[in-house]
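Take a walk through the packing of this chain. Keep the structure open while you read.

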Amino acid sequence: MVDLSVEICGLKFRNPILPAAGPTVHNGDALVKAAEGGAGGLVAKTVSVSPAHVPRPCIIKVKDSLLNAELWTDLSLEQWLRHEYAKAKRTRLPLIASVGYNAEEIRAVAPKLKAAGVDALELSTHHLENDPMPVVEATKAAKEVVDIPVFVKISPNVPDVAQFARAVEEAGADGIVAINSVGPCLAVDIENTMPMLGSISGYGWLSGPAIKPLAVRCVADICRAVKIPVIGAGGISNGRDAVEFIMVGASAVQLSTAAIVRGYKIYGLIADEMAKFMRAKGYNSINDFKGIALHHLPEQPFRTTAKPPEVTASRCTGCGLCERYCPYDAIRIVGRIARLDPVKCYGCGLCVSVCPTRAIRL
Ligand SMILES: Cc1cc2nc3c(=O)[nH]c(=O)nc-3n(C[C@H](O)[C@H](O)[C@H](O)COP(=O)(O)O)c2cc1C
């Protein structure tokens, strides 16, 4: 029997799939929908001392990812404190309130959030850059005024996320969320020559599948640097993605873009996919594979010479994807089976990653 539940800083989540702060948790009703969609716990849209004036348009699709210029919530803090958190709390799932941004604002808002009954805080650090001090100060301010767990969300737009994470751990953070969206980025509509987002300079922040490898790397770096729990986020859209974050040390994951694209049912679907993977691999609990890949991150390159992969003929369907992708012209489909030319093969591994049946293995 697979057990998906996780306990993080004393909070008991029925599964490790949580919404990330964003439009799918923009009010209490949306949080209830996330719970009904199978989320293991709830994270609400970022609040601050006053409502945001959000530029429009503020979300666009770029390939299979999104660019957004959303800020924090445009609802008043009063509205959240009186109505929205209360609705979410009726789900009985752990509720994390995201709050921004500087120490003074956190000091003013955090006690009100705790009084409204939220179970933990997540400090959003989206707009802060290289210097960890503003986040360190915000973390200390939160810890001074509330006794509930304080998670600090780390932006990937800093040169060294591990150093950043260590600084917030020392400042008293109980956990880390990584990563926020990536940028600033720009998209221009070539039909009218205008930026597609309505923000200053048309700048926006990238989320979704495009940022997943960056997020996995950041989470791995952070998990190797700190002892406090880490919640991973960035481009998660299926159970295998969630497993990948947990294998590099995350205790749970959050997602926003996939929930925007596929709706509220995504949380339960991902939890089911994760359970299926765990059953297939014989893992009984999240702890059975948490951090397991960190031991395999080498300090030296595996090798610097070509080693052609092997083709398992019984698995090969002759689909031709490997032939099409090979930049070295080293693969031909002969008699519906991939044949590798070991002289031409550079050992790059691209064919291994595109093969849909895992017929090509290193
Ligand atoms: C439209 C949009 C709005 C967001 N708003 C917030 C926010 O208010 N506070 C915050 O900390 N992160 C915000 N984020 C970032 C997400 O919480 C998340 O960290 C990021 O999108 C990466 O996850 P994903 O690839 O699953 O979307 C927002 C993301 C999107 C796409």
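Which residues does leucine 121 touch, not counting residues up to four places away in sequence? The model is predicted, and in it leucine 121 touches Ile96, Ala97, Val99, Ala110, Leu113, Ala142, Val146, Ile148, Val150 and Phe151.

Now place Leu121 in its setting. The largest nonpolar core has 95 residues. Leu121 is among the members that touch the most other members, along with Leu42, Ile176, Ala178, Val219 and Val253. Helix α6, residues 212-225, supplies the largest share of this core, with seven residues. There is also a second, separate core. It holds nine residues, including Cys322, Ala330, Ala338 and Ile360.

Turn next to the helix pairs. Two packed helices are described by the angle between their axes and the distance between the axes.

Start with helix α3, residues 103-115, and helix α4, residues 133-145. Their axes come within 8 Å and cross at roughly 25°. Angles under 35 degrees count as roughly parallel, so α3 is roughly parallel to α4. The crossing of these two helices is right-handed. On the α3 side, the contact uses Ala103, Ile106, Arg107, Ala110 and Pro111. Facing them from α4 are Glu137, Ala138, Ala141, Ala142 and Val145. By class, this contact has eight nonpolar residues, two charged residues and no polar ones.

Helix α5, residues 161-170, and α6 have axes that come within 8 Å. Here the crossing angle is roughly 45°. That angle makes α5 oblique to α6. α5 passes α6 in a right-handed crossing. Val161, Ala162, Ala165 and Arg166 are the α5 residues in the contact. They meet Cys218, Asp221, Ile222 and Ala225 in α6. The residues of this contact divide into six nonpolar and two charged, with no polar ones.

Finish at a loop. Proline 342 lies between β19, residues 337-340, and α11, residues 350-354. Is proline 342 buried or exposed? Proline 342 has 11 C-beta neighbours inside 10 Å. A residue with 12 or fewer counts as exposed, so proline 342 is exposed.

How values were computed: Residues numbered from 1 in each chain as written. Predicted model: local features only at pLDDT ≥ 70, side-chain atom pairs only at ≥ 80, totals over all residues. Core = buried A, V, L, I, M, F, W, Y, C linked by C-beta atoms within 7 Å. Buried ≥ 20, exposed ≤ 12 C-beta atoms within 10 Å, placed from the backbone. Helix = DSSP H or I, 4+ residues; strand = E, 2+ residues; numbered from the N terminus. Contact = placed C-beta atoms within 7 Å. Axes fitted to C-alpha atoms, helices over the stretch in contact; angles between N-to-C directions. Parallel < 35°, antiparallel > 145°, perpendicular 65-115°, else oblique. Left-handed = near helix turned anticlockwise from the far one by under 90°. Nonpolar A, V, L, I, M, F, W, Y, C, P; charged D, E, K, R; others polar.
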